[in-house]
Structure formats: structure tokens, C-alpha cells
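Student: Can we walk through this model together? I'd like to start with the strands and then move on to the core and the backbone.

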Amino acid sequence: MNFSPIIIGTMRWGIWGANHSQKEVQKLIEVSLDEKLYTFDHADIYGDYTTEKLFGDAFVQMNLKREEVQFISKCGIEMPCSNRNYTVKSYNYSQEHILKSVDQSLKNLKTDYLDLLLLHRPSPLMNPAEIADSFAILREQKKVRHFGVSNFSPSQFDLINDAFPVITNQVEISLNHTNSFFDGTLDQMMLKKLQPMAWSVLGNYFTEKSEANERIKKVLGQLCQKYAAEENQILLAFILKHPANILPVIGTSRVENIKKLNESFSINLEHEDWFKLLQAKNGKEIM
């Protein structure tokens with residue numbers, strides 16, 4: 001698939017964040033498309049199972065061509081809330097649940113198909129053969145074009161991929177969270193010539209006070225001046241520097257941030273500057 005260079009995450013568009021109106025959602029879609037960002041990331045649970053419908057209701061009124069955009073969604077988490085009667089938070093990758101979840105997402109998003117379906121988080125009880133059968137049914141029914149996973153370890157990725165080919169692993173990656181650089185996750189994607197996706201790409205830099213973030217702030221101050229850029233742009237450029245060709249999922253609910261973050265591609269961090277940021281995060285030189 002040819003995803004847009006930045007994927008627009010919708011998690012905070014609804015009641016889990018900005019609680020946007022349909023008109024405000026339409027504006028975010030419009031600006032995203034103006035910036036040539038046409039891939040939108042969803043999950044069934046976002047907004048206590050309401051945000052997909054908010055997006056779908058807004059999108060269908062815009063008279064846009066479905067083939068000009070891409071919809072990603074995720075399933076597998078059963079989350080107790082006012083809109084579901086689950087008694088405990090759990091993961092469910094039974095064939096019945098996967099097929100039912102996709103049908104509901106299609107209904108919510110007002111579309112006949114998903115461009116990509118992700119298994120949201122790995123379950124200790126997932127059966128790769130049952131998942132593969134579910135994926136085969138969805139592909140045969142033309143309800144889902146491609147399949148992937150999210151938050152899976154390399155071995156968990158292989159468990160599913162060996163049963164049914166998947167095209168990506170969407171994991172947490174930021175300057176604050178660099179585990180995937182060292183645990184084999186990105187190595188695996190590169191070996192398989194697949195593009196990983198990254199969520200929470202700005203980490204907790206803007207939301208939490210910590211010694212690490214204080215160290216990062218000092219380095220960012222220097223680099224913002226050097227590259228004539230803003231802090232969030234440098235933080236995204238840090239991820240974009242990686243040779244795995246990471247696809248960032250930006251979770252902003254603000255129009256101006258979509259535009260600013262899209263400008264991060266013009267920043268090519270020098271080798272030493274990348275490692276200065278990594279050292280600031282770690283609080284020590286690399287081994």
C-alpha cells in the first residue's frame with residue numbers, strides 16, 4: 001500500500017479528547033487532504049466506541065471519493081464502558097468477534113471496505129489459525145484489503161505472519177520511547193521490507209515533567225535554532241531519520257499541528273544531532 005507519508009490519527013477527535021463537532025472533524029479531514037495526507041487511523045474502541053461513527057458521519061457529508069482516502073481500523077480489545085456490557089477488559093480474536101467488529105467499523109465509517117485492519121494488541125489466547133481464517137473471509141468478502149498488527153513483539157508478529165501475511169506493525173515510537181530501535185521490532189520490518197507505523201510519536205515530552213525531558217529540552221533548544229524549526233518538528237524528524245522508513249501516526253486534533261508536523265520532512269537531522277537527542281533521553285553516552 002502507498003500510505004500517506006504521515007497517517008492522521010483520530011483517537012483524540014471525539015470524546016477521548018477534543019470532542020469535536022462534525023463540522024470540526026470535516027475541517028481536520030479537509031486540511032489533511034490539502035496537505036496530501038490521506039490515510040486516517042481509527043480503532044473500534046476510540047471514544048468508547050463512538051469516534052468511528054463521528055468520523056463516518058462527517059466524511060459522508062463531504063462528497064469525497066472513497067478511493068482517494070485510506071481507512072485503517074483496529075479490533076480485538078473488549079473494553080467495559082457505557083456502550084458495551086463487557087464485565088472485564090480483555091482481548092478477543094475469535095472469528096466471531098473479528099468479523100463482527102469489522103462489520104461494525106464499516107457501518108460506523110460509512111464504507112464498504114477497510115484499507116487496513118490491525119489486531120490492536122496481542123492476546124495470550126490468540127489462535128493464529130483462527131485469525132488467518134478470519135482474515136481470509138474478510139479478504140474474500142472484499143471487506144478488508146490488507147492486514148497488520150499493532151503493539152506486537154517480533155515473535156508475536158511472526159506467529160500471525162506465518163499463518164497469514166501481514167504488512168505492518170504499529171508500535172509506540174518516540175524519543176521518549178526508543179525500545180523498538182533495540183528490541184528487534186524495526187530490524188524485523190526492515191528484513192521483511194515492510195514499513196512500520198509509529199504511534200505517540202511526540203512521546204510524553206509535552207505532557208510530563210521529568211529529568212529526561214529537561215535534558216531533551218536543552219538539546220531541542222539548540223536544534224530548533226539550528227534548523228529553524230519547532231520542538232514538535234524536531235521530535236518527529238528524529239523518528240523520520242530512521243532507515244526503517246517509519247510511518248508516523250500523528251494524534252493531533254488541531255489543524256495547525258497537522259500543517260506544522262508535515263513540514264518535518266524538510267528537516268534532515270545531522271548524524272551527531274540525532275545521537276545528541278538520544279543521549280539526552282538516556283542521560284548517558286551510548287555503550
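Tutor: Helices (H or I, at least four residues) and strands (E, at least two) are DSSP runs, numbered from the N terminus. This is a predicted model, where local features need pLDDT of at least 70, side-chain atom pairs count only at pLDDT 80 or more, and totals for chains, interfaces and linings use all residues. Residues are numbered from 1 along each chain as its sequence is written, and side-chain values use heavy atoms, with hydrogens and water left out.

Student: How many bridges join strand β6 to β7?

Tutor: Take β6 as residues 114–119, running parallel to β7. Leu114 stands opposite Val144 in β7. The number of bridges joining β6 to β7 is five.

Student: Which helix makes a β-α-β unit with β6 and β7?

Tutor: The unit is right-handed, and that label applies if, with the strands pointing away from the viewer, the path from the first strand over the helix to the second runs clockwise. The helix here covers residues 128–140 and is α5.

Student: And which residue of β8 stands opposite Ser150?

Tutor: β8 spans residues 169–172 and runs parallel to β7, with two bridges joining them. Opposite Ser150 you'll find Gln170.

Student: How many of the seven residues of β7 are buried?

Tutor: Buried means under 20% relative accessible area, exposed over 50%, and partly exposed in between (1.4 Å probe, protein chains only). Strand β7, residues 144–150, is largely enclosed by the rest of the structure, because its buried residues number five.

Student: How many residues are in the largest nonpolar core?

Tutor: A nonpolar core is a set of buried Ala, Val, Leu, Ile, Met, Phe, Trp, Tyr and Cys residues joined through side-chain atoms within 4.5 Å. Among the members touching the most others are Phe55, Leu117 and Phe135. A second, separate core of eight residues includes Ile72 and Leu118. The largest core has 73 residues.

Student: Is Ala228 buried or exposed?

Tutor: Ala228 sits in the loop between α9 (211–227) and α10 (231–240). Its phi is near 50 degrees, a positive value in a residue other than glycine. Most residues other than glycine have a negative phi. At 73% relative accessibility, Ala228 is exposed.

Student: What is the relative accessible area of Asp48?

Tutor: Asp48 lies in helix α2, residues 46–49. Its phi is positive, about 55 degrees, although Asp48 is not a glycine. Asp48 is partly exposed, at 21%.

Technical notes: Two strands pair if DSSP finds at least two bridges between them.
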